[in-house]
Amino acid sequence: MGKPTGFMEYKREVSRAQEPGERIRHFQEFHEHLPREEQQLQGARCMECGVPFCQSGMMLCGMASGCPLHNLIPEWNDLVYTGNWQQAYSRLKKTNNFPEFTSRVCPALCEAACTCGLNGDPVATKENEYAIIENAYAQGYAAPNPPKVRTGKRVAVVGSGPSGLAAADQLNKRGHLVTVFERSDRVGGLLMYGIPNMKLEKQIVDRKRRVMEEEGVTFVTGVDIGRKMKAEQLLKDFDRVILACGASSPRDIQAPGRDAKGIYFAVDFLKANTKSLLDSNFADQKYVDTKGKNVIIIGGGDTGNDCVGTSIRHGAKSVTQIEMMPKAPDTRAENNPWPEWPKVCKTDYGQEEAIALYGHDPRIYEATVKEFLKDKEGNLTAVKIVKLAWEKDSATGRMNMKEIAGSEEILPADLVLIAAGFLGAEGYVADAFGVELNERNNVKTETGCYQTSQDNIFVTGDMHRGQSLVVWAIREGREAARAVDESLMGYSGLAIQ
């Protein structure tokens, strides 16, 4: 695939990001992508390795190696190189319903497993994917393509995040009549309100929604199933129901002073920011303003980084990110060989911006908040943090985090954002449909299955597997759609990979 000697002839080139000082002035995407001719040379770097780990999607040491969607990566890299853009789009769409999303927000598990990356730079697969899908829209290849035959079967999807959308897209292509219910005012779930606009501009989500509508999918927004509409109504009106509501119960930080004013969950902070941006370009002021404030972010993942970037764009005086885990090494450790996912330190766009603006990395590792300090009016004024160390439990053999005595430190704080992950699905939806939950507070199914404990009710995405990546959500949606199709028709021709 590609050019046999391409990986030796051409260097890896990717889109060029605006300088931090420039991009923090706006909330738009900030990468300048390669011209088509240069992008085709990136396809040439795919080295005909023989064993394409990039598309394997294996689990190695508890981590995914390669694309969970099993994208036909060497095939469309070669088609990019030879300029067969329409065929490249056809191959890409066989396994991925939403390359316009994954090419922007996926951490590129495919590139981490690329054979070129063993002794050099991996193929720029994510950038090639972006070029394929955007060219397809520009040339009309991605235009609506409604199914020619309808089955008459009706399916309700509760939740319009990436998993719900993938399930809806697959079932609609099969000819079923699909209605997607979303409790928010816009379609997209975390794609719309959980990911900031500078990572994924919302007209991209709307563009795909319009295509799906023209293909026959019905979207109903502003309806909270289990509260505004009873579950029984859906079960009466539809042949099957798919629950795709996400893992939307945020993990809290229980420490003295938690009731102080000025403490927010990251998901609420990001949602309010994006909604205000879309509704009024912030003129309505219905967002959490960080201007001139000392901001503390608890959590070191992608959501924490998004809070860093968003806070900076609103003019935060300072931003500090608290992480419980130790700093990862800058390069692969010997016990973390290719093609395992590289457990290395990642400095993302928000942290890059903080370094450029404040002169230092915003992250404090191996620490946690011990107390929230407040004034007489109950307003947050500071946080007390304490350093942590790993210690082996002699009884169980497990490694636990323990506070280091005397390591407390007071940090000024006007605003705290809790980005400590999620604890599973919100209970009221599960209760409304009477489905069982497992020990992780996700909807319970048999291993590898999507049928819940109730007849005709299926589950998919984060509500099923727990908090995860967009690419895993899409795979779950595709697999759930196949399970639903089999239950409706007795067989299924829907591909899951």
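Analyst: Helices (H or I, at least four residues) and strands (E, at least two) are DSSP runs numbered from the N terminus. This is a predicted model, where local features need pLDDT of at least 70, side-chain atom pairs count only at pLDDT 80 or more, and totals for chains, interfaces and linings use all residues. Residues are numbered from 1 along each chain as its sequence is written, and side-chain values use heavy atoms, leaving out hydrogens and water.

User: In what order do the five strands of the open sheet run?

Analyst: Two strands pair if DSSP finds at least two bridges between them. Here the order is E7-E6-E5-E8-E18, with parallel pairing. E7 (218-221) and E18 (457-459) are the edges, each pairing on one side only. Twist averages 20° from one strand to the next. E8 (residues 240-243) joins E18 over three bridges, and Leu 243 has Val 459 as its bridge partner.

User: Where is Asn 456 found?

Analyst: In the loop between H16 (427-433) and E18. Most residues other than glycine have a negative phi, and most peptide bonds are trans. Asn 456 has a positive phi near 70°. His 70 also has a positive phi, near 55°.

User: Is His 70 buried or exposed?

Analyst: Buried means under 20% relative accessible area, exposed over 50%, partly exposed in between (1.4 Å probe, protein chains only). His 70 is buried because its value is 15%, while Asn 456, at 33%, is partly exposed.

User: Which residues does the cis peptide bond join?

Analyst: Trp 338 and Pro 339, with omega about 10°. Pro 339 sits in the loop between E11 and H15.

Key: Axes fitted to C-alpha atoms, helices over the stretch in contact; angles between N-to-C directions.
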